[in-house]
Amino acid sequence: MPLLGLNLPDVELLANNPKSLEGRLLFAVPKKGRLLQAALNLLEGADIQFRRENRLDIALVKNFPIALVFLPAADIPTFVGEGRVDIGITGRDTVAEHETGVGQLRRERAESGNSTPTEEDTHQGCEEVMDLAFGACKLQVQVPEKGPYAKPSDLIGKNIGTSFVHLAEEYFLNLEKEADGDAGATQRKLKTKIIELSGSVEAACALGVADGIVDLVESGETMKAAGLKAIDTVHSSIAVLIKSKAPSNPQLVDLIASRIRGVITAQKYVLCQYNVERKKLQEAAKITPGKRAPTINALEEEGWVAVSSMVEKKKIATVMDELTEVGATDILVLNIANSRTG
């Protein structure tokens, strides 16, 4: 299974040992950027053991028939969607950009009358397995703080810099349709010029390349430093686990997903244990309903029960206060980050 975009050492590795990936599930991981370290922490928590050699973008997993392939995050939906990689971690924004581009291409082919759906088409594309609770950001329309543009429609017909070409085209096409009152139209030429940029998009306005931009924003500090302000949100994003519609080993994909889900649960929750009188159990259970239901055991002391329940870490302080108010005692909080849950 050839993988374009690999560096020279990886190509040499495959050339010298062409069977090294045979029978292995291919798992794409961002090779750099804001998602890389969090993705590696997730793999470590799921006990996916590997060693990445210097300059190599392929790493063989020791305890599973898996090969990690380190790729640019923006390319991962393409590799997964085309079935060249079985599973991957990337941003929901890059998935939306890929799917929007594929959708636009299919519509153009259908409208031209030069294409018909094939069985291969049904196996193309990627499916979101779960969000991974990190990498939250927004794809926003940004304009100069002191410029003449106050609302998105002010940018119709202007130059827009972005690395998210397909999402930007779709956004401004809908904006133009709404402005012209022909929202039901299927074919029309885009008035707004979308300029594809691969990096430093926030500098496009200051350098006179664009009147506005469509770019990812996390804290917003970079945009403020560039003298920009947000006037609309195109898409909200978070890191996601995606899979091919036809993975080579569905059972292994499910196992990986189960492990990762357990890691996320352990990172997000703590185990709260306490004792409470049975007559006050209903009140206490409302405070700690757990993910599904609390675990309740009778104590030797008549009329009392022991309760165990999972509680979100960010809420535990308030939960402890409320439990104390209803008469709960012996409240204990256990960190389950090193435990395996499912």
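A polar contact here is a pair of N or O atoms within 3.5 Å, where within protein one atom must be able to donate a hydrogen and the other to accept it, and where residues adjacent in sequence count only if both atoms are side-chain atoms. The model is predicted, so local features need pLDDT of at least 70 and side-chain atom pairs count only at pLDDT 80 or more, while totals for chains, interfaces and linings use all residues. Residues are numbered from 1 along each chain as its sequence is written, and side-chain values use heavy atoms, with hydrogens and water left out.

**Whole chain.** Start with everything displayed: the chain has 10 helices and 15 strands, taken as DSSP runs numbered from the N terminus (H or I of at least four residues for helices, E of at least two for strands). Of the 342 residues, 40% are buried, where buried means under 20% relative accessible area, exposed over 50%, and partly exposed in between, with a 1.4 Å probe and protein chains only.

**Thr90.** Select Thr90 in strand 4, which spans residues 87-91; Thr90 counts as buried because its relative accessibility is 0%. A polar atom of the Thr90 side chain lies 2.8 Å from the backbone oxygen of Ala73. Show next the residues in contact with Thr90 (heavy atoms within 4.5 Å); beyond its neighbours within four places in sequence, these include Leu35, Ile76, Val95 and Ile242.

**The aromatic pairs.** There are 2 aromatic pairs in the structure, a pair being rings of Phe, Tyr or Trp (its six-membered ring) with centres within 6.5 Å, called stacked when the planes are under 30 degrees apart, edge-to-face when over 60, and tilted otherwise. Select Phe50 and Phe70, whose ring centres are 6.3 Å apart with planes at 50°, so this pair is tilted. Phe50 lies in the loop between helix 2 (36-45) and strand 2 (58-60) and Phe70 in strand 3 (residues 66-71), so the pair ties together parts that are 20 residues apart in sequence. Phe50 is partly exposed at 23% relative accessible area, whereas Phe70 is buried at 1%. Now move to Tyr171 and Phe172, with ring centres 5.1 Å apart and planes at 85°, so that pair is edge-to-face; Tyr171 is buried at 14% relative accessibility, and Phe172 is buried at 0%.

**The nonpolar cores.** A nonpolar core is a set of buried Ala, Val, Leu, Ile, Met, Phe, Trp, Tyr and Cys residues joined through side-chain atoms within 4.5 Å. In the largest core, which has 30 residues, select Phe27, Ile66, Leu68, Leu132, Leu241, Ile256 and Ile260, the members that touch the most others. Helix 8 gives the largest share of this core, 7 residues. Centre on Ile66, which, leaving out residues up to four places away in sequence, touches residues including Phe27, Leu60, Leu252 and Ile256. A second, separate core of 17 residues includes Ile160, Val165, Leu175 and Ile194.

**His166.** Finish at His166 in helix 6 (residues 165-180), which is partly exposed with a relative accessible area of 29%. Gly103 is 63 residues from His166 in sequence, yet their C-alpha atoms are 9.6 Å apart.
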